[in-house]
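This report looks at pairs of aromatic rings and at one helix. Please view the structure below before reading on.

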Amino acid sequence: MKRIIELFRNKYFLCAFAFAVWMLFFDRNDMLSQYEYSSEVSKLKEEKAFYEKETNQVKKDLRELTTNLKMAEKFAREKYFMKKDNEDVFVIVKDTPKE
């Protein structure tokens with residue numbers, strides 16, 4: 001017990017303890033802020049990967065559409081439900097099961 005009291009009377013220990021408390025809780029870059037920044041960075045990295053994947057897919061589709069007329073017709077029929085004058089279009093929508 002006496003050793004603990006001596007430890008708390010030590011000015012170097014008190015300074016180090018005060019510095020640690022200040023850096024962990026009161027500083028502009030405290031631990032809570034660092035955790036929030038880290039989670040935001042990981043979320044933004046996931047979004048970046050998603051958008052890069054989507055951009056690559058769109059570029060691939062654009063290359064196919066500009067080089068192949070049959071692919072352009074297929075794309076217009078599937079995405080925009082376009083049809084010829086003598087055709088009927090039936091759209092089939094699959095229901096998702098409700099939980």
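## Aromatic pairs

In this predicted model, a search of the whole structure turns up four aromatic pairs. One of them joins Phe-13 and Phe-17: the ring centres lie 6.1 Å apart and the planes meet at 20°. Planes under 30 degrees apart count as stacked, so the pair of Phe-13 and Phe-17 is stacked.

Both residues belong to helix α2, which covers residues 11-26. Phe-13 and Phe-17 are four residues apart there, so about one helical turn separates them. An α-helix has 3.6 residues a turn, so residues three or four places apart point the same way. Phe-13 is partly exposed, at 25% relative accessible area. Phe-17 is also partly exposed, with a value of 47%.

Phe-50 and Tyr-51 form another pair, with ring centres 5.2 Å apart and planes at 65°. Planes over 60 degrees apart count as edge-to-face, so that is the class of the Phe-50 and Tyr-51 pair. Phe-50 is partly exposed, and its relative accessible area is 44%.

## Helix α4

Helix α4 has 12 residues, numbered 69-80. At 1.5 Å a residue, α4 should span 16 Å. The expected span uses one less than the number of residues.

At the start of α4, Asn-68 places a side-chain oxygen within 3.2 Å of the backbone nitrogen of Lys-70. After α4 comes Phe-81, which has a positive phi, near 55°.

Note on methods. Residues are numbered from 1 along each chain as its sequence is written. This is a predicted model: local features need pLDDT of at least 70, side-chain atom pairs count only at pLDDT 80 or more; totals for chains, interfaces and linings use all residues. Side-chain values use heavy atoms; hydrogens and water are left out. Helices (H or I, at least four residues) and strands (E, at least two) are DSSP runs, numbered from the N terminus. A polar contact is a pair of N or O atoms within 3.5 Å; within protein, one must be able to donate a hydrogen and the other to accept it, and residues adjacent in sequence count only if both atoms are side-chain atoms. Rings of Phe, Tyr and Trp (its six-membered ring) pair if their centres lie within 6.5 Å; planes under 30 degrees apart count as stacked, over 60 as edge-to-face and the rest as tilted. Buried means under 20% relative accessible area, exposed over 50%, partly exposed in between (1.4 Å probe, protein chains only).
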